[in-house]
Amino acid sequence: MLLYHMNVGYPLLCEQAVVSIPSSRVTPRDARAAEGLDRWDKVESPTPGFKEQCYFHQFEQQGKASVYNPEKKVGLEISFDTEELPLFTEWKMMGVRDYVLGLEPGNCHPNGRNIMRQEGNLSFIEPGTEKNYSVRVTCFE
């Protein structure tokens, strides 16, 4: 199981930040995430008592996600090959002290091995096999 957990915070993350994840499908992880499904791409103000929300994204082709702060005129984009890393999790934590957006390409979701096995998504490699993965991180103005 491989999950690149990249957290985006200040100075990129703010209420005006533009989140772009051009996926073909977005699925909430649980009932809590379903409450905010219509706002999965919006950054809220830091909220006391905020409970995390996770969204699973599916891509038709190249995987890509970005956050852009128009006030600071700076952004970050990650891109990855969905053949290598077919799963992507967006982790929203809009808490007062935990104000972060996780962008997580991987071959698994953060739900654990048992759930991945139940869903038929648990990846295996044979002993002695070598696998290469790559994620490109680009900062832009």
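Trainee: What makes these 5 strands an open sheet, and in which order do they run?

Mentor: In this predicted model, where local features need pLDDT of at least 70, the order is β1-β8-β7-β4-β3, with antiparallel pairing. The edge strands, β1 (6-8) and β3 (25-28), each pair on one side only. Residues are numbered from 1 along each chain as its sequence is written. A strand here is a DSSP run of E, at least two residues, numbered from the N terminus. On average, neighbouring strands of this sheet are turned by 25° against each other, direction ignored; the axes are lines fitted to C-alpha atoms, and angles run from 0 to 180 degrees between N-to-C directions.

Trainee: How do you know that β4 and β7 pair?

Mentor: Two strands pair if DSSP finds at least two bridges between them. Strand β4 (residues 53-58) and strand β7 (residues 87-94) have 5 bridges, in the antiparallel sense, so they count as a pair. Cys-54 has Trp-91 in β7 as its bridge partner.

Trainee: Why is Cys-54 called buried?

Mentor: Buried means under 20% relative accessible area, exposed over 50%, and partly exposed in between (1.4 Å probe, protein chains only). Cys-54 has 2% relative accessibility, so the residue counts as buried. Cys-14, at 10%, counts as buried too.

How values were computed:
This is a predicted model: local features need pLDDT of at least 70, side-chain atom pairs count only at pLDDT 80 or more; totals for chains, interfaces and linings use all residues. Side-chain values use heavy atoms; hydrogens and water are left out. Helices (H or I, at least four residues) and strands (E, at least two) are DSSP runs, numbered from the N terminus.
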